[in-house]
Amino acid sequence: MTAGSPTTRRLAVGALLAAAAVVLYIVFFSGGSDHKFSVTVPAAANLVNGSRVKGPAGQIGKVTDVTPIDGGHAARLTMEITDDDYWPVAKDTHLTVRFGGTISFSGRYVYFEKGTSPETVPKGGELATSNVTIPVELDTFASYFNKQVRSDLQSLIGNGAVVLSRSSADLQKTLPKAPA
């Protein structure tokens, strides 16, 4: 076999095709990092596949799956951690679902507070639900009250407004004299 022979060229082309197939497999089918874990949360409003997982220094991963469970009354979030400084996940790690900004509630993300426990969540394992804080939505908060409590609260606000408007001058004089 000489350097320019047809056999050498076929071997070179075959090796290039094999290398390209390996690269394509890695890029398209490897599925990213195997640093994944999940957590079950009571609500996951506006969290979607691809939502950011952030730590104190910036993005450390992403949400890879949001699966409704318990008839849609809860959700299982699967997250992938791409920053090796945050893997493995300590069992006392705390997650907080946060709003994306003051004018956008749709850009939610998961804030990751690294735990210190020597016990860790195994790859593909689940972090305890008690380690997650979810923001309270006004409509969710109101749904905790039955019809009578909502009616009483409405009366309290309405009557309180009348009382405060009638006594505003006296109240303004009293407040500076009241204890802190």
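Start by selecting Phe-112: its relative accessibility is 1%, so it counts as buried. Keep in mind as you go that this is a predicted model.

By the rule used here, the count of aromatic pairs comes to 1. Tyr-86 belongs to the loop between E4 and E5, while Phe-112 is in strand E6, so the pair links parts 26 residues apart in sequence. Tyr-86 counts as buried too, because its relative accessibility is 12%, under the 20% cut-off.

While you're at Tyr-86, show Lys-114: it lies over the face of the ring, 5.4 Å from the ring centre. For another charge over a ring, pick Arg-98 and Tyr-111. Here the charged end of Arg-98 sits 4.0 Å from the centre of the Tyr-111 ring.

Next, bring up the core. Phe-112 is among the residues with the most contacts inside the largest nonpolar core, along with Phe-37, Val-39, Val-53, Met-79, Ile-81 and Leu-95; the core has 22 residues. E4 gives the most, with 4.

Now centre on Val-53 and look past its neighbours within four places in sequence. What is it in contact with? The partners include Met-79, Ile-81, Val-110 and Phe-112, as well as Gly-58, Ile-60 and Val-63.

Switch to cartoon for the sheet. Its 8 strands run in the order E7-E1-E4-E3-E2-E6-E5-E8, forming an open sheet with mixed pairing. At the edges you'll find E7 (126–127) and E8 (132–133); each has a single partner strand, so one side of each lacks a neighbour in the sheet.

Zoom in on E1, where 5 of the 6 residues are buried. E1 and E4 run antiparallel, joined by 6 bridges; select Lys-36 and you'll see its bridge partner in E4, Glu-80. E1 and E7, by contrast, run parallel, with 2 bridges between them. To find E7 from here, pick Val-39, which stands opposite Leu-127.

Last stop: E5 and E6, an antiparallel pairing over 5 bridges. Select His-94 and look across to Glu-113 in E6, which stands opposite.

Definitions and conventions: Residues numbered from 1 in each chain as written. Predicted model: local features only at pLDDT ≥ 70, side-chain atom pairs only at ≥ 80, totals over all residues. Heavy atoms only, no water. Core = buried A, V, L, I, M, F, W, Y, C linked by side-chain atoms within 4.5 Å. Buried < 20%, exposed > 50% of the residue type's maximum accessible area, 1.4 Å probe, protein only. Contact = heavy atoms within 4.5 Å. Pairing = 2+ DSSP bridges. Phe/Tyr/Trp six-rings, centres within 6.5 Å; stacked < 30°, edge-to-face > 60°. Lys NZ or Arg CZ within 6 Å of the ring centre and 35° of its normal.
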